[in-house]
Amino acid sequence: MITLYLNCAKVWTRLVRGVQRVLRRPPVTYQAPPLPVRKGAR
Amino acid sequence: MTATLLLPTAPRRMGPVTRFLVLRTVAVVLLVEVAGSVLVAAGGADARAAGLSLVFPGAGFLYAGHPELFVATWVLLSLALVLWWGISAHFGIPLVWGLSVLGAWLVGGPRWHWALPVGYVLAAVAVGALVWTFEARFRRKRAKVPMLNEYLATADLPEPSRPLREPDDMDAELLRWAYELALQPLDRFDGFEWGEQFHGGTVVRYQLNYLGWALAPYAVNYIPNALGQIEPAMRNLVHKQTDLRVWRYWRTLNLVGNFAADPDPIVRDNIMFSGFTGDQLNLYEAATGSTVFDQPGSLTFVWEDGRTFEYDHHSWMQAVRRNFERSRLGFFPCEPGWSFAACNTIGGQALYGHDRLHGTDLWGSVAERWRTTLEQEYLMPDGNYANIRSTHTGLSWDTGETPGGEYFTTGTHSFKDLAPDIAERGRKLSLRGVPEKLGKLAALVRDGDLAMELPVEWERNRARKTAVPGWTKIIAGARAVGLEDLAAAAQRAGDRQCATGQVWPERPLDVGVANMALHMLVRWSTPVDNAMLNVRGWVPPVGPLVDADWPAVLITLARSADGRSLDLGVRPGPSGPAVDAVELRFASLTPSGHYRLIGDGVAVDVAASAEGTATAALAVDRPLRLALEVVA
């Protein structure tokens, strides 16, 4: 195992929270997102 | 007593498959270095800049007099590294590296010739640092082997405590919360934590897994004779896994990581879904006896365009087995290109459990290879296993998901079902020094009370700070070393510190859904835990059975110690206290037998029919601890 001085899990969480902030979405909600709209059946 | 499995005295740096992958990676990097050096040596100024960026990412920008672009390259490389792990963007690092080559070629500018030796020095330092961290860690761990083997050969750990608990008020609150969460309509997820669905604390599939895993020991240990309420709750938790919002993340991962557009979440990789939910399926069947998911098409995924992917318990597990069999490493990926020891252990548990329930030999066909992979590819000299390995490069590092990126045991059953000898070694290693540490904490328990609070810490999704995981660890650790008084006191102290007094869709403990479910799992896994349940399979209950209508009544306890009487705990369900009498329905009584339901001010005669059934009307307006006893 090599050592990389970067905590991927922490950076990921902060990255996600940053993206959500830009998109004006809460990073955690207690309501499910709406069901995706069905595209044309194949 | 069997001797504990010892650690290899001459451990290898890496197993054969990992060595091949790492050497292949080294060969590719060497090729890049040679190509870069050729450009540096033979090219003009622009080619030399590009070549230097091949030697060390972004170094060509230094040669071209653009240090800001060098810094930008390394910021982007760090981002690419995180996205490599996060969404399997394997192309990220090569892409950024390549862009730094192209950019250095095109950017022009003054020539800083000092950058040429600096580029080579940086490359040498980077490679040297990686080799040194690997070698230093390996040697540090290898040096411990004689001491650890001495410990393994001589340590005599206390047996774990496995009390048969009486459910308390918090158990009832947690059970009620879990039922309300699970029994809402299948397409509703009120109270679940939603956020990104790739990694970490907002992933709903894991919340569903953990809740299913937690309810299984509750069913077995507390209400084996009243499965009517918990069975649909556990069933719904599985059905919810087929909701498109839960599994559609896979299409993105498959596209990014495998360049494959197939949305089917079971057929390839994705063991963190197929293995985890496979394990959940087994535990559901082993705890409730229901074979509903054995029916063809009972687990059907419907994609956005109407395509369906039909599975059942058996075909699901066949897919997991096929993934194991076609994996070069022996462990198959979660996210494309990343094989986790934890997920592959849970995937193994899934095959094992299916075999126990159905008499198949899925696990047998992969068991030997699984063990070889675990012991040769993932085992480190000190008995830890690497959490993660890239199936493309063979590299492992601490990604921040688990302390140190390694663990002595993993899976949810700590190898107890898959490899008992490895489990015992891992147990000893992980509990080294724990009896002494927890013994000091146990000394603080006075009259069953642990008068302390734990500091709160951020949850992984950073939604809140909580002390619950800390308490969960103490309870689990205390039970693991037989300190049941401490475990019980810690449980009460944790409840005292963390109880919110709230009900679904809020949470009865001040913690997120995933960590609450893991707390419930630990809390309820006694005397039977899920490893024992996976080995045991389904065993029908003996003695009287009972059922009552949810949500009027919550049954918290229903078990028979002697096969004739019944210990029963009931309390008002979420629809409120039943001042009017509600019906308790009994079955499996002695035909035409006479019983008496007594306790907490209740005394009701119960006469069984010729079929061994009976009903009793009762006002469940408060928690009632009852006993159904045979009248002689």
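How many salt bridges does the rule find across the interface of chain A and chain B? It finds zero, a salt bridge being a side-chain nitrogen of Lys or Arg within 4 Å of a carboxyl oxygen of Asp or Glu. Before the close-ups, please note that this is a predicted model, in which local features need pLDDT of at least 70 and side-chain atom pairs count only at pLDDT 80 or more, while totals for chains, interfaces and linings use all residues. Residues are numbered from 1 along each chain as its sequence is written, chains are lettered from A in the order in which they are written, and side-chain values use heavy atoms, with hydrogens and water left out.

**View 1. Where chain A meets chain B.** The contact (heavy atoms within 4.5 Å) takes 32 residues from chain A and 51 residues from chain B. About 3,600 Å² is buried between the two chains, with 65% of it given by carbon and sulfur atoms; this is the accessible area (1.4 Å probe) lost on putting the two parts together, summed over both. On the chain A side, M1(A), W12(A) and Y30(A) lose the most area to chain B, together 26% of what that side buries.

View 2. Among the buried residues are L52(B), L54(B) and V55(B). The buried residues of α2(B) pack against α1 (16–42), α3 (59–63), α5 (92–107) and α6 (115–143) of chain B.

**View 3. A salt bridge between R523(B) and D168(B).** The closest N and O atoms of this pair are 3.3 Å apart. R523(B) sits in helix α21 (residues 513–524) and D168(B) in the loop between α7 (145–154) and α8 (169–183) of chain B, so the pair ties together parts that are 355 residues apart in sequence. R523(B) is buried at 0% relative accessibility, whereas D168(B) is partly exposed at 26%.

View 4. R176(B) and E180(B) pair with their closest N and O atoms 3.4 Å apart. Both lie in this helix, four residues apart, about one turn. R176(B) is buried at 17% relative accessibility, and E180(B) is buried at 14%.

Note on methods:
Buried means under 20% relative accessible area, exposed over 50%, partly exposed in between (1.4 Å probe, protein chains only). Helices (H or I, at least four residues) and strands (E, at least two) are DSSP runs, numbered from the N terminus.
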